[in-house]
Amino acid sequence: MGLVDKGRMPAPLTKLFNMSRSYSLWVYQWGLACCAIEMGAAFGSPRYDVMRLGVIPLPASPRQADFVCISGTVTDKMAPAVRRLWEQMPEPKYAISMGSCANCGGPYWDSYSVTKGVDQIIPIDVYIPGCPPRPEALLEGIVLLQQRIKNEDMAAKWRGEEFTSLQTTRERERVANQPAAVEPVAAREPIVVGGGPIE
């Protein structure tokens with residue numbers, strides 16, 4: 001993939017790779033509390049059939065996962081394990097925070113032992129609010145993540161840069177001869193299912 005790292009991929013091939021990656025996601029479930037029941041319903045139940053979206057649950061290890069779904073209360077004692085899980089995943093990798101406890105500490109936000117959101121430990125791509133959120137909300141979050149993957153610049157992602165859309169990259173290349181007109185790379189904006197607050 002030397003062409004990808006150097007940013008020399010033709011646009012049609014980049015779109016094909018992004019579409020292929022978005023419909024072949026191995027998810028590592030990290031259920032810590034009651035939201036894990038809803039996550040299990042979405043990933044294990046034939047009623048929701050997450051595999052129709054191209055998401056394959058239950059990889060053998062984090063080293064085979066494309067994204068992690070963290071649900072439930074993340075305690076300070078669990079934070080190093082979550083960080084280690086994230087570091088074991090290969091690039092490009094993504095994360096979904098499911099439920100109020102994972103998003104911001106939930107009803108336990110003022111406890112001495114609760115991390116005030118998993119985004120203090122790892123970067124989060126999609127927030128799913130609710131206590132607990134329904135399995136349909138998780139499916140919507142996965143679809144929104146797939147849309148982000150389809151539109152991202154693979155070279156920037158694999159170099160470890162913040163999220164950059166293909167359109168932003170092409171605009172920067174088009175105005176490369178005019179340094180004053182070049183805008184800075186947009187920071188990765190997290191996606192919130194439903195568009196509301198992440199509480």
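From the N terminus on, the elements of the protein follow the order α-α-β-α-β-β-α-β-α-β-α-α-α-β, which amounts to 8 helices and 6 strands; helices (H or I, at least four residues) and strands (E, at least two) are DSSP runs, numbered from the N terminus. The model is a predicted one, in which local features need pLDDT of at least 70 and side-chain atom pairs count only at pLDDT 80 or more, while totals for chains, interfaces and linings use all residues. Residues are numbered from 1 along each chain as its sequence is written, and side-chain values use heavy atoms, with hydrogens and water left out.

The 6 strands form an open sheet with parallel pairing, in the order β2-β1-β3-β4-β5-β6, where two strands pair if DSSP finds at least two bridges between them. Strands β2 and β6 (191-192) stand at the edges with a single partner strand each, so one side of each is left without a neighbour in the sheet. Strand β6 pairs with β5 (residues 126-128) in the parallel sense over 2 bridges, and Y127 stands opposite V192 in β6. Strands β3 and β4, which also run parallel, are joined by 5 bridges, with V68 opposite A95 in β4.

Of the 199 residues of the protein, 44% count as buried, a term that means under 20% relative accessible area, whereas exposed means over 50% and partly exposed in between (1.4 Å probe, protein chains only). In β4, 5 of the 5 residues are buried, so this strand is largely enclosed by the rest of the structure. Both of its faces are covered, with Y94, I96 and M98 buried on one side and A95 and S97 on the other.

In helix α3 (residues 35-44), the buried residues are C35, M39, A42 and F43. These residues lie on the same side of α3, because they cover an arc of only 90° around the axis, the arc being that of the directions from the helix axis to the C-beta atoms. On the other side of α3, I37 and G44 are exposed. The cover over the buried residues of α3 includes the strands β1 (25-31), β2 (55-57), β3 (67-71) and β4 (94-98), together with helix α6 (135-150).

Among contacts (heavy atoms within 4.5 Å) between residues at least 6 apart in sequence, 75% join residues at least 24 apart. Elsewhere, M19 lies in helix α2 (residues 11-22), and this residue counts as partly exposed because its relative accessibility is 41%.
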